[in-house]
Amino acid sequence: MKVSERLEKIPPYLFAEIDRKIAEAKAQGRDIISLGIGDPDKPTLQPVVEEMHRAIDNPKNHDYPPYNGTEKFRKAACDWMKKRFGVELDADTEMLANIGSKEAIAHVFFAFVDKGDYTLVPDPGYPVYHNATIFAGGTPYAMPLLEENGYLPDFDKIPEDIAKKSKIMFLNYPNNPTGAVADLTFFKKAVDFCKKYDILLCSDMAYSEMTYDGYKAPSVLQVEGAKDVALEFYSHSKSYNMTGWRVGFVCGNAQAVKALGTIKNNIDSGTFKAIQEAAVAAFNVDSHYIENLNKMYQERRDAAEEGFRELGWDVKPSKATFYLWLPVPKGMTSEEFVTSMLEKANIVVPPGNGYGKFGEGYFRVALTKDVDTIKECIRRMKDAGIRYNN
């Protein structure tokens, strides 16, 4: 049986490979600590779980949901965008429920990309941007995220002939995997660039609420005229510890929302209405729930950064996400370093090149373990002689 050519072009999915390596090591009886996958280790917020219990018992929630999401969910999402960013949205034309943002991100390429089209994707970046382009028959063009540029793409370095053939640009701030942040000045440049070349600007805001030290992430839709060219993708996964629930929303340009909705109408049947009820409760949780989560991650961040500094790394404080993005020791590739971490210290971290060629020379740390476990990782690295040497 021969699979499609597009499938043969797709590399093994990074996080599936990480799961496989963890399973193999555990089968050998090894005590593995995984700092690999960005999956919150705490339970879903209690008010959300309580609402789900109520909603699941309601027979009215047991049938097919509306394709674009329930009216209650879409209006609640609009209210949240207004409260959080001051952005006004029409619940009927500028808002769409999704089955977690990964699904919507993958599907938007099918709505806009044809064979011969290019997409502008960050490198390093979430692998779905690159792979979904290939699934849709397009060609991904890497926008390098370099440390010297604060991990922001340089739009002036994009060749004009590529820009003219590009249909989508993806941005992701706060950023996975680098933890970098962007301001409205940067987003204004992105909006202007996409208007000039008639490109759909897609902003992945999966980590919008995971911020520290008083920093608050802005929305690209706060830029005047952004709705002419932009969509923004939100997920409940990280903000409310709801990775397994698969719910979120897309908002922005009405034409793009409609196009994405058409793809989804023909591929999926929406999110279980009880989950949408619970997701509405998430929008309305008291602010102390998010503040407490961020305080916890900040404590983990501080412990990890201090530990890596003791091991020789020059760590700059992260303002957002629950990731650290660090260079591998001199003379090693990303793959060699993460293999050493697994074999010598029983610690799993993903290699930077799994996020693109410009990720080579780095590795990512997910702060999804408690402070004591993070300190144990540092101790294991010390005992194994794993250090950063300039």
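Which strands does helix 9 lie across, and at what angle does it run to strand 2? Helix 9 lies across strand 2, strand 6, strand 7 and strand 8, and runs at about 30° to strand 2 (axes are lines fitted to C-alpha atoms, for helices over the stretch in contact, with angles from 0 to 180 degrees between N-to-C directions). This is a predicted model, where local features need pLDDT of at least 70, side-chain atom pairs count only at pLDDT 80 or more, and totals for chains, interfaces and linings use all residues. Residues are numbered from 1 along each chain as its sequence is written, and side-chain values use heavy atoms, leaving out hydrogens and water.

**Helix 9**
- Helices (H or I, at least four residues) and strands (E, at least two) are DSSP runs, numbered from the N terminus.
- Ala 256, Val 257, Leu 260, Gly 261, Ile 263 and Lys 264 are the buried residues of helix 9 (buried is under 20% relative accessible area, exposed over 50%, partly exposed in between, with a 1.4 Å probe and protein chains only).
- Because they cover an arc of only 160° around the axis, they sit on the same side of helix 9 (the arc is that of the directions from the helix axis to the C-beta atoms).
- On the other side of helix 9, you will find Gln 255, Lys 258 and Asn 266 exposed.
- Packing partners of the buried residues include helix 5 (101–112) and strand 7 (230–235) (contact means heavy atoms within 4.5 Å).

- Seven strands make an open sheet with mixed pairing, in the order 2-8-7-6-5-3-4 (two strands pair if DSSP finds at least two bridges between them).
- Its edge strands, strand 2 and strand 4 (139–144), each pair on one side only.
- Strand 7 and strand 8 run antiparallel and are joined by five bridges.
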